Amino acid sequence: MYWNKPVETMERGMLEQLQLERLQETVRRVYKNVPVYRQRMQEKGVSPEDIKTLKDLRLLPFTQKTDLRDNYPYGLFAAPQSEIVRVHASSGTTGKPIVAGYTAHDLQVWSEVVARCLGCAHVGKKDTVQVSYGYGLFTGGLGLHYGVEKVGAKAVPTSAGNTHRQLMLMEDLGTTAIACTPSYALMIGEALRDEGFDMSRIKLTTGIFGAEPWTEGMRDEIEKLLGIRALDIYGLTETIGPGVAMECLEGHNGLHMWEDHFIPEILDPDTGEALPDGEMGELCITTITKEGMPTLRYRTHDLTRIIPEPCPCGRTHKRIMRLHGRTDDMLIIRGVNVFPSQVEAAIMGIPGIAPRYLLVVERINNLDVLEVQVELAPELLSDEVRRVEQLSRDVSRAIEQVLGLGVKLRLVSPGSIERSEGKSKRVVDKRTALTQ
Ligand code: DLL
């Protein structure tokens, strides 16, 4: 079992000293190499020399997803392009994705933190791990993959989808652990049951689930269906990908954040003021070892709290509570991040379409289905059937291209999407499993 004991159980004083040194180095690096950070720091009257203690983190400017969008694709990179060996991407708030870059050292760090996560789940050399997160620009597949190899387990890179083949391989290869989104785990569990697989030939013991919100209720259901222990893994593209924090088997409550690589802060989402440990607020993360694209005080918009009590497992790295929701309107549909503003960007300017839309999300047979309702412009006569059909194809294609996700499109008659005097309602989320 992978267990970087000296680091994972490091005494707090030493850990904080290490964090300070790494923070200082990161701040020097971005100040020197990233004009946006330098300018922001100068505007706040802060220079790298002002970071004398960990508390001085609060002097630094925040980073937001919009900063990644505005500096697309490489503006926040802090290493020369010749040192970048990989990029990944995730949804931005409008048409373009956000891009993250990794140096060879960043990839080593990433494998290390994912390896620690697998260690938390007692996954090691004895295991065969089916990596059913998507491989590609999404960080889930490749992120888990290299961690699995680092712990010496056998990686089965099935990627997401093709459920029947997943089940066949699970049985034939003797898969003992699976990494995927919790909703896909439920689907797999149901398919195993419905397709009449002989459960005595399924060797699964452990699940590593994340990339979307899930609840204790969902955990119970997955554990029962698959006969496994289901553990929560957290991460985001902007800070590295999966592996920022992970539940351990001993604690089973709260996710250890690897504080020698990431510094967590909990903020009041409205004022941006730091809150004391134990209070619920927005998680803000500073990366302190990333070279390719370090992020200073990244506002995740994820809501959680720090659990101040030590964990029975002996790890000294602070735990965050299971993620509680978001402060913004980002939806996660089949593991893909979706902002309503992306749909708006896609449909704007298509002739015959009014800029009015509604996203309806449902979970049907444990699969998220996104219906997008878009209003036809009043001038479009509804008897022009061929025109409407063509329009329907154009609008679907425009939306699917921006989201990278299949949607069910419904063109609705002019004036039928509810108007509101205040903020317009863009989303109806009917997925009951997400209520905490
Ligand atoms: O979802 C990275 C990842 C891959 C994490 C595989 C875990 C497993 P992004 O696509 O950038 O990265 O999405 C990041 O997903 O800000 C959260 O809102 C949400 N999220 C990730 N993990 C969890 C989790 C990957 N365990 C965004 N619980 C984050 C709840 C999660 N939400």
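Guide: Two strands pair if DSSP finds at least two bridges between them; strands are DSSP runs of E with at least two residues, helices are runs of H or I with at least four, and both are numbered from the N terminus. This is a predicted model in which local features need pLDDT of at least 70 and side-chain atom pairs count only at pLDDT 80 or more, while totals for chains, interfaces and linings use all residues. Residues are numbered from 1 along each chain as its sequence is written, and side-chain values use heavy atoms, with hydrogens and water left out.

Visitor: What makes β19 and β20 edge strands?

Guide: The open sheet has 4 strands in the order β19-β18-β17-β20, with mixed pairing. β19 (408-412) and β20 (427-429) each pair on one side only. On average, neighbouring strands of this sheet are turned by 15° against each other, direction ignored. Helix α10 (residues 340-347) packs on the sheet and touches β17 (353-364), β18 and β20 (contact: heavy atoms within 4.5 Å). The direction of α10 makes about 140° with that of β17; axes are lines fitted to C-alpha atoms, for helices over the stretch in contact, and angles run from 0 to 180 degrees between N-to-C directions.

Visitor: What makes tyrosine 74 and phenylalanine 77 an aromatic pair, and which kind is it?

Guide: The whole structure holds 4 aromatic pairs. Tyrosine 74 and phenylalanine 77 are 5.1 Å apart centre to centre, with 55° between the planes. Rings of Phe, Tyr and Trp (its six-membered ring) pair with centres within 6.5 Å; planes under 30 degrees apart are stacked, over 60 edge-to-face and the rest tilted, so this pair is tilted.

Visitor: Why is phenylalanine 209 with tryptophan 214 called edge-to-face?

Guide: The centres are 5.8 Å apart and the planes stand at 80°, so the pair falls in the edge-to-face class.

Visitor: What makes strand β7 enclosed or open?

Guide: In β7 (residues 229-236), 6 of the 8 residues are buried, so the strand is largely enclosed by the rest of the structure. Strand β6 (residues 206-210) runs parallel to β7 and is joined to it by 5 bridges. Threonine 206 has arginine 229 in β7 as its bridge partner.

Visitor: How do you know whether isoleucine 320 is buried or exposed?

Guide: Isoleucine 320 has 1% relative accessibility, so it counts as buried. This residue lies in strand β14 (residues 319-320). Beyond four places away in sequence, the residues that isoleucine 320 touches include Tyr234, Leu255 and Ile306.

Visitor: What puts arginine 299 over the ring of phenylalanine 62?

Guide: The charged end of arginine 299 is 4.6 Å from the centre of that ring. A charge sits over a ring if NZ of Lys or CZ of Arg is within 6 Å of the ring centre and within 35 degrees of the ring normal. Lysine 290 likewise lies over the face of tyrosine 102, at 5.6 Å from the ring centre.

Notes: Buried means under 20% relative accessible area, exposed over 50%, partly exposed in between (1.4 Å probe, protein chains only).
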